[in-house]
Amino acid sequence: ETVFPQPSRTRFIAVANQKGGVGKTTSTVNIAAALAKAGSRVLVIDMDPQGNASTALGVPHGSGQPSVYDVIEGRKGIAEIKLPCPDFETLEVVPSSIDLSGAELELADLPNRNYLLRSALHAFLTESDLHYDYVFFDCAPSLGLLVLNALCAAREVLIPIQAEYYALEGLGQLIHTIGLAQSTLNRHLVISTILVTMYDRRTLLSKEVYDEVHEHYPSIVLETTIPRSVRISEAPSFGQTVIAYDPHGAGAVAYREAALEIAQHSEQALQLIDDTRKNE
Ligand code: ADP
Ligand code: MG
C-alpha cells in the first residue's frame, strides 16, 4: 500500500459547483474515506439540506435530529453534533438535515450571516484541541448563504466537473462567484483542485472535456478522472462509500488515486493560500 503524505497543517476544502448532479457529494465522501483509510484524520461537514453525504457516510440525519443546522444557528457546538463514520476510524461527520433548508431565510438578515460556520468551526477546533488533516464541506448546488458559509470556512475549493457536453458552461460563473467571495468575504480562498467525474473512456467527448479543462487550469486539474460506475452510484443506498462497499472496484481505485494526488498536492495548495497573504 502506498503511504499518503500528510499535510503540514489542516486543509479546509469546500467541494462546490452550483450545478447539481456533477459528483460533489460522491467525490466528497469517497475522497474523505480514501484519505481516512490511508491514515488521515478527516472531518466532513454536510452543508446540503439533502443530507446525501450524511447518508453515504452512514450517519443518521432525520428531521429534528441534531445537525449542522443547530451549529450555524448557534444552539450547539460541532463537538456535540459530530458522529463517527462506522466504516472508518478516523473519519467523522457533521450531519445535515432537511431542517437546514430553513436557514437561508432565517439567517438572511444577520450581519455575520456568512461567517456562522467559520466561527463555529474555529471555536470547536480551539476548544477541543483535536487535529484534523482535512476538513471537507459538501456544498449544495446553489450559490446561496449555505455555500457562502462553506466558502468562508474553507481555504480551498475543489470543483468537480462532470465530463459531459455542457460541463464548462457555468464554470466561468462559478469561478466568478468564488472570485467575489475571495474579494469580499474570504481573501485566503484558492481554487486548488478540479476533478473530472463520470468520465467515459470510450467517448471522445470525455477526452475533449478533460483536455479543455486541462488547457485552462493545467496546474489544478487532477490527472486522475473518475469513471462512471454502477458501484459508485449504488454504494449510498447501503449507507456506504464505494471505498468500503467495493474497495477493489474501478470506482474505489479511481477515488483512491484522486485522494493520493490531493494528498501529494498538499504543500502546493498550502503555498497558494500563503501567497494570498503576501499582498496584505
Ligand atoms: P452532486 O452532489 O453534485 O449533486 P452527486 O455526487 O450526488 O452529485 O451525484 C449525482 C448522481 O450521480 C448520484 O446519483 C450519484 O450516485 C451519481 N454518480 C456520481 N458519480 C458517479 C460515477 N462516477 N458513476 C456513476 N454514478 C455517479
Ligand atoms: Mg450533493
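1. Helix pair, criterion. Angles under 35 degrees count as roughly parallel, over 145 as roughly antiparallel, 65 to 115 as roughly perpendicular and the rest as oblique. Keep that scale in mind for H6 and H7. The model is predicted.

2. Helix pair, geometry. Helix H6 spans residues 116-128 and helix H7 spans residues 145-153. Their axes come within 7 Å. The crossing angle is roughly 45°. H6 and H7 are therefore oblique to each other.

3. Helix pair, contact residues. H6 contributes Leu-116, Leu-117, Arg-118 and Leu-121 to the contact. From H7 come Asn-149, Ala-150, Cys-152 and Ala-153. By class, the contact of H6 with H7 has six nonpolar residues, one polar and one charged.

4. Overall fold. The protein has 13 helices and seven strands. Along the principal axes, its C-alpha atoms fill a box of roughly 50 × 45 × 35 Å. The radius of gyration is 17 Å.

5. Burial and contact range. Buried residues make up 51% of the 280 in the protein. Take the contacts between residues at least 6 apart in sequence: 78% of them join residues at least 24 apart.

6. Ligand 1, nearest residues. The shell around ligand 1 holds 16 residues. Lys-24, Thr-25, Thr-26, Ile-232 and Ser-233 come nearest.

7. Ligand 1, source of the shell. Which helices each supply at least two residues of the shell around ligand 1? They are H1, residues 24-37, and H10, residues 230-234. H1 gives the largest share, three residues.

8. Nine residues of the shell around ligand 1 are polar. Five are nonpolar and two are charged.

9. Thr-225, position. Thr-225 sits in the loop between helix H9 (204-216) and H10. Is Thr-225 buried or exposed? A residue is buried if 20 or more other C-beta atoms lie within 10 Å of its own. Thr-225 has 23 other C-beta atoms within 10 Å, so Thr-225 is buried.

10. Thr-225, partners. Leave aside its neighbours within four places in sequence. Thr-225 is then in contact with Val-196, Tyr-199 and Tyr-210. Tyr-199 is 26 residues from Thr-225 along the chain, yet their C-alpha atoms are separated by 6.3 Å.

Notes
Residues numbered from 1 in each chain as written. Chains lettered and ligands numbered in written order. Predicted model: local features only at pLDDT ≥ 70, side-chain atom pairs only at ≥ 80, totals over all residues. Near = placed C-beta within 6 Å. Helix = DSSP H or I, 4+ residues; strand = E, 2+ residues; numbered from the N terminus. Nonpolar A, V, L, I, M, F, W, Y, C, P; charged D, E, K, R; others polar. Axes fitted to C-alpha atoms, helices over the stretch in contact; angles between N-to-C directions. Contact = placed C-beta atoms within 7 Å. Rg over C-alpha atoms; globule rule 2.2 N^0.38 Å. Buried ≥ 20, exposed ≤ 12 C-beta atoms within 10 Å, placed from the backbone.
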